[in-house]
Amino acid sequence: MSAVDHAADAHHHEGPEPGLLRWVFTTNHKDIGTLYLLFSLMMFFIGGTMALIIRAELFQPGMQLVDPYFFNEMTTLHGLVMIFGAIMPGFVGLANWQIPMMLGAPDMALPRLNNWSFWLLPFAFTLLLSTLFMPGGGPAGGWTMYPPLMLETGQAFPFIIFAVHLMGMSSILGAINIIATIFNMRAPGMTLMMMPLFIWTWLITAFLLIAAMPVLAGAVTMLLTDQYFGTHFFNAAGGGDPVMYQHIFWFFGHPEVYIMILPAFGIVSQIIPTFARKPLFGYASMVYATASIAFLSFIVWAHHMFTVGMPLAGELFFMYATMLIAVPTGVKVFNWVATMWEGSMTFETPMLFALAFVILFSIGGFSGLMLAIASVDFQYQDGYFVVAHFHYVLVTGAAFAIIAAAYYWLPKWTGNMYDEQLGKLHFWLSVASVNVLYFPQHFVGLAGMPRRIPDYAVQFTEWNMVSTVGGFVFGFSQLIFLWIIIKAIRGGVKADARSWEGAHGMEWEIPSPAPYHSFQTPPDISKVMARGDAHS
Amino acid sequence: MKWDKRLVAITSGLTGGLALAATPAWAGLGELNLPYGVTSIAHMNYDLNMLVLWITIFIGIIVFGAMGYSMYYHRKSQGAVAAQFHHNTTIEIVWTVLPLLILVGMAIAATRGLVLMYDTDNADMDIKVTGYQWQWRYDYLGEGVSFYSKLDEQSNQARVLGSSVRPERVDNYLRNVDKPLVVPINTKIRFLITADDVIHSWWVPDFGWKMDAIPGYINRAWANIEQPGVYRGQCAELCGRDHGFMPIVVIAKTPEEYKKWLAEEKKRQSASEGAEQAAAEPSPAIDVAQTQS
Ligand code: HEM
Ligand SMILES: [Cu+2]
Ligand SMILES: [Cu+2]
């Protein structure tokens, strides 16, 4: 039962304001969560369209559709849109919806800040995408924006930098809010080591964001001053150093890749116990593994730069540190498998996506381990093998986790069960096509195809065709997902408060759909914990 | 459940079938792995690649096997009742320490590999490689021979948007140049790699490495080629609009034939000295310091 005390909170609104302005002025964590999730979905489709343009051009050798410069704009914007527009806001949207509900809190700690951190994003991405129409075209130096190439950008240059600043600000504000909420708004009696893993992973992710995003802001600001104010940070002819940019960028960039996967670890750690009907195996070791991954993520950045000509000692240090990350990552995978072991499993759509996550993310981890071997990386680096690696960890890792989370919590958000048969169709089409799309990229990469090229030698034709077909099937399959969400919002079988038989946790104690203010008085967690939600 | 199985069959059949139907020829399907290559570095990297690949396949079989076992035997539809255990310190220590040991083994092998790659001393000859948008320049240091090398004319015509020349009709489409680099076999060649404008990367897979060409830096790498032949590669670092169109071709000859080629090249270059000198740009990465002093 929800513990809503109307009398004590008479000044609170019972529900949302009517009209469209609700969405502009809202300080409600659910409204803002919805905005983030819809924004993320829109960016998935925009970034996905760019990806399909890339794959269409790569269907066969020769230039058929676009100019090479436009192709480079597409790869650059695809990367920026997917990372900063789709994956990160997707996770923040989930955090907004779930963190207060899972902590037993009424809302986020800093609701106005919350509104602002979302509303920065539409402006950031309008700016970013508008650069496509500026004189000289949009950014075409890759999402990594390496100088000197990046400095060849036309009039779009300062707009791109400003857009990146806005995205970074949005992330930092969001992270501050999440930390404040987790430290201050837990239900009485809920210790840190009682928190669900989704909360734990987001807490650690928020610290990574606060540490990493200002570094990116610094790097792009130095690009800006190099371009317009006569500094020579990265200009060799002026005594600067183009490699220094890469060090600074990847000091942000590697933590960034973990920003995009730690919350996914949390989601999968919620879903697998539910559908295995068994408590999560190794709760404490999951927390410690997450923390060690976060720490290690700050000392491995130069594995992205093995071929810049670092001294031998540097190569060795970054190789060893990178290989070390495989240990806590392995612990996580083993824990998930042990959670399934002797469980009582069912395979609803969220579980299917979570299981696919475990397998396909591991494959991405395996190729990561291969890339960590520095001497062989002199072959892999900047080839399609790397492209395959990071799409396995980001698409079948991060994006699959977001999709799994959406299916898992949709009943709680909308009050309706989604269409399970359509969900399964979506899953099987996605999982089959995504492998057709990315697995062959390992092959062409090993065989010598560099990344970020609009055209290729004819021996790479066959696997590129296969990959493109997979890409189009994958892309269009996501329309089923869109349809399922719309359908669930409009109606369907009513969901119970506990929408899944094996689900445990505070969010399943309140009705579905969840009331506008989740918990207006602190819940009694002893009741929840007594049923086996205490972890350790 | 039936619906599920049908779905699996239909979707995987459909995507797989579509993908294969789109495939006109089969030769390219054999492009699967790193080349074994023609230098000791390439062989070593191939072996390391296979070693780690097999280790990950082995771990994958165990992990995915255990997962598949649970998914099959511990299904609710089979009447499985969930156990309630949630930790086991012994096994958690085992699966932390065991991977660590495997990693130490891999690290030792990998360290040996890196040490070999970094041993650029005692080279028999030096070639300076400079990346430009979008061509390469090669300087045979101490020989007075140098030239530019860019995409060959046939590829250049075929790569235009909507070109009537089919890439399949072009010899080594995008992997051919107007003037290839010529080097001797059985000679330790040191490459000094730099760039004049933006960052490029010089990559010939058969040699086993790529090395970034960075303005202001002179990176070192080496190759001792075992067999005569033509080795092809291309730029591997995004360097602007025509990044996909700056190939590398290296012709390896026996030392005798190489000497003959070098002598002819010297003669040819000194004959056209005056014209060349006016045309050849100085390569700034080195010359910046000289012009400033
Ligand atoms: C076992 C864990 C992992 C290891 C050992 C690992 C290792 C590596 C290495 C060595 C590279 C550089 C390869 C190169 O450029 O030559 C790389 C690239 C990359 N990795 Fe991972 N990785 C791991 C997990 C992840 C995860 C979890 C993510 C994100 C969710 C990720 C995302 C990326 C991305 C985006 C790149 C390419 C960046 C770029 O150049 O644009 N990796 N990884
Ligand atoms: Cu990294
Ligand atoms: Cu290039």
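# Why the terms apply: pairs, burial and contacts

Me: Tyr258(B) and Trp261(B) both lie in helix H5 (residues 255-271) of chain B, three residues apart, about one turn of the helix. What makes a stretch such as this a helix?

Reply: Helices are DSSP runs of H or I with at least four residues, strands are runs of E with at least two, and both are numbered from the N terminus. The model is predicted, with pLDDT of at least 70 required for local features and 80 or more for side-chain atom pairs, while totals for chains, interfaces and linings use all residues. Residues are numbered from 1 along each chain as its sequence is written, chains are lettered from A and ligands numbered from 1 in the order in which they are written, and side-chain values use heavy atoms, without hydrogens and water.

Me: Why is Tyr258(B) called buried?

Reply: Buried means under 20% relative accessible area, exposed over 50%, and partly exposed in between, with a 1.4 Å probe and protein chains only. Tyr258(B) has 8%, and is therefore buried. Trp261(B), at 14%, is buried by this rule as well. Of the 293 residues of chain B, 45% count as buried.

Me: How do you know how many aromatic pairs there are over all chains?

Reply: Rings of Phe, Tyr and Trp (its six-membered ring) pair if their centres lie within 6.5 Å; planes under 30 degrees apart count as stacked, over 60 as edge-to-face and the rest as tilted. By this rule, 64 aromatic pairs are counted over all chains.

Me: Why is the pair of Trp202(B) and Trp209(B) called tilted?

Reply: The ring centres of Trp202(B) and Trp209(B) are 5.8 Å apart and the planes stand at 35 degrees, so the pair is tilted. Trp202(B) and Trp209(B) are both buried.

Me: What makes the aromatic pair of Tyr258(B) and Trp261(B) stacked?

Reply: The centres of Tyr258(B) and Trp261(B) are 6.1 Å apart, with 25 degrees between the planes.

Me: What makes the approach of Glu237(B) to the side chain of His243(B) a polar contact?

Reply: A polar contact is a pair of N or O atoms within 3.5 Å; within protein, one must be able to donate a hydrogen and the other to accept it, and residues adjacent in sequence count only if both atoms are side-chain atoms. A polar side-chain atom of His243(B) is 3.1 Å from the backbone oxygen of Glu237(B), a value that falls within the limit.

Me: Which residues is His243(B) in contact with, leaving aside neighbours within four places in sequence?

Reply: Contact means heavy atoms within 4.5 Å. With those neighbours left aside, the residues in contact with His243(B) include Arg451(A), Arg452(A) and Ile453(A), along with Trp134(B) and Cys235(B).

Me: Why does Ser499(A) count as buried?

Reply: The relative accessibility of Ser499(A) is 12%, so Ser499(A) counts as buried. Ser499(A) sits in the loop between helix H15 (461-490) and helix H16 (525-533) of chain A. The side chain of Ser499(A) has a polar atom 3.1 Å from the backbone oxygen of Asp496(A). Beyond neighbours within four places in sequence, Ser499(A) is in contact with residues including Pro411(A), Met417(A) and Trp508(A).

Me: How do you know which residues surround ligand 1?

Reply: A residue is near a molecule or strand if one of its heavy atoms lies within 4 Å of it. There are 22 residues around ligand 1, the closest being Trp143(A), Asp377(A), Gln381(A), His389(A) and Arg451(A).

Me: What are the distances from ligand 1 to the side chains of Asp377(A), Gln381(A) and His389(A)?

Reply: An oxygen atom of ligand 1 is 2.6 Å from an N or O atom in the side chain of Asp377(A). For Gln381(A), a side-chain N or O atom is 2.9 Å from an oxygen atom of ligand 1. His389(A) places a polar side-chain atom 2.9 Å from a nitrogen atom of ligand 1. Helix H7 (242-259), helix H11 (349-372) and helix H13 (384-414) of chain A are the elements that give two or more residues to the shell. H11(A) supplies the largest share, six residues.
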